[in-house]
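Where do two protein chains meet, and what spaces lie in and around them? Take a look at the model first. Then read on.

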Amino acid sequence: MELLEIEGTNITPSIKFDAENGVLDLKGRSIPENSLEFYQPIYNWLDSYIDSPKDKTVVNVHLDYFNTSSSKCILDILKRVDKLDQNGKDVLVKWYYDENDEDMMESGEDYMDLLEAPFELIEI
Amino acid sequence: MEEQTRKSRKKQNVFNEELITLKNSREFLSRENVSLDECKDELGSLQKSYDELLDQSKLITKVSDRLQKKINRANDELGEKNDQLQESLDALTKARVGRRATTITLIVVIALFLFTEAVLEPPIERYAVRHFSGTFASAPLILALLAKGVIALSLRPIEKIVENYLMKKEAERIELERSQEMV
């Protein structure tokens, strides 16, 4: 599978999904006008990855800010990754948040509650 | 073209998958001769989707509340910064107007001094010589000093009047600019 790499902007996060190493990185700010337009290629890539995943998949999420529609899209991404866990694959979601960013930590906790896959909250 | 893009964007909805589920469910309901097993399957699938939708709703509500809280905080901070900025601007305007008032006052005082020297002093001197020269020899000098003293004492009131006038003009100018910006 090809590497999915999208450069971040002021309103969209940077994406680096590396199927070879099973590492998915999502970093930055997510406030696109049309969230689905931005996230659809990521869904498509993940759907293909789920068909032939690595034994271990690590998802690194480090967001500064995201709007409500992005929160739904992020959940859709994590739900897809959660499927891997349910299929017996080794999955780890790492949710990074900046020191003193309590809101982002709480958001991480909310996602953690909705997923079955192992989930780490990491303060940086 | 733009209209088409707008329409296509409108069609793209983060709830696309949920809308598909709803559409499928409606289609199922409109079907006739459906077996009990099929109904159970459909209900099971619908219940799973509903579960997920409820999870999403909970998450989105929490995220939205947090965003609102963040916006409120940012608004408060912005209000405070705005007040600070306004105070600084007022102080700056006052200082600028004060400098201009001092300059104008100095010009006025110099003009008054020259006017006293050139125009007022000769008649004062003549008046003093005529009326007090016999009794009070230094009367011309004292009268001249008195006139200059009056000018010196009027320095601060003149400056205050000029400053108030300039401040009023500045306030009018700012008000006019604001109303033009609003238009």
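Helices and strands here are DSSP runs, numbered from the N terminus; a helix has at least four residues and a strand at least two. Keep in mind that this is a predicted model.

**The contact between the chains**

The area buried between chain A and chain B is about 2000 Å². Carbon and sulfur atoms give 56% of that area. On the side of chain A, Leu36(A), Lys72(A) and Asp103(A) lose the most area to chain B. Together these three account for 29% of what that side buries.

Charged side chains also meet here. The rule finds six salt bridges across the interface of chain A and chain B. One of them joins the side chains of Glu17(B) and Arg80(A), at 3.0 Å from N to O.

**The cavities**

The structure holds two cavities of 30 Å³ or more. The largest cavity is lined by residues of both chains. From chain A come Tyr65(A), Phe66(A), Asp103(A), Met104(A) and Ser107(A). From chain B come Val63(B), Arg66(B), Leu67(B) and Lys70(B). Strand E4 (56-66) and helix H3 (102-114) of chain A, and helix H3 (36-132) of chain B, each supply at least two residues of this lining. H3(B) gives the largest share, four residues.

Strand E3 (23-30), E4 and helix H2 (68-86) of chain A each supply at least two residues of its lining.

**The largest pocket**

Which residues lie nearest the centre of the largest pocket? They are Lys79(A), Lys48(B), Ser49(B), Glu52(B) and Gln56(B), out of 26 lining residues. H2 and H3 of chain A, with helix H2 (16-30) and H3 of chain B, each give two or more residues to the lining. H3(B) provides the largest share here, eight residues.

| Space | Volume | Classes of lining residues |
|---|---|---|
| Largest cavity | about 80 Å³ | five nonpolar, one polar, three charged |
| Second largest cavity | about 40 Å³ | eight nonpolar, one polar, one charged |
| Largest pocket | about 730 Å³ | eight nonpolar, five polar, 13 charged |

**One residue in chain A**

Finish with Ile122(A), which is found in strand E6 (residues 119-123) of chain A. Leaving aside its neighbours within four places in sequence, Ile122(A) is in contact with Lys94(A), Trp95(A), Tyr96(A) and Tyr97(A). Asn21(A) is 101 residues from Ile122(A) along the chain, and their C-alpha atoms are separated by 21 Å.

Notes. Residues are numbered from 1 along each chain as its sequence is written. Chains are lettered from A and ligands numbered from 1 in the order in which they are written. This is a predicted model: local features need pLDDT of at least 70, side-chain atom pairs count only at pLDDT 80 or more; totals for chains, interfaces and linings use all residues. Side-chain values use heavy atoms; hydrogens and water are left out. On a 1 Å grid over the protein atoms alone, a cavity is a set of points where a 1.4 Å probe fits but cannot get out, and a pocket is an open set with protein on both sides within 12 Å along at least five of seven lines; lining residues have an atom within 4 Å of a point. Grid points are joined across faces, edges and corners, and a volume is the space filled by probe spheres set on the points. Ala, Val, Leu, Ile, Met, Phe, Trp, Tyr, Cys and Pro count as nonpolar, Asp, Glu, Lys and Arg as charged, and the others, Gly among them, as polar. Buried area is the accessible area (1.4 Å probe) that two parts lose on being put together, summed over both. A salt bridge is a side-chain nitrogen of Lys or Arg within 4 Å of a carboxyl oxygen of Asp or Glu. Contact means heavy atoms within 4.5 Å.
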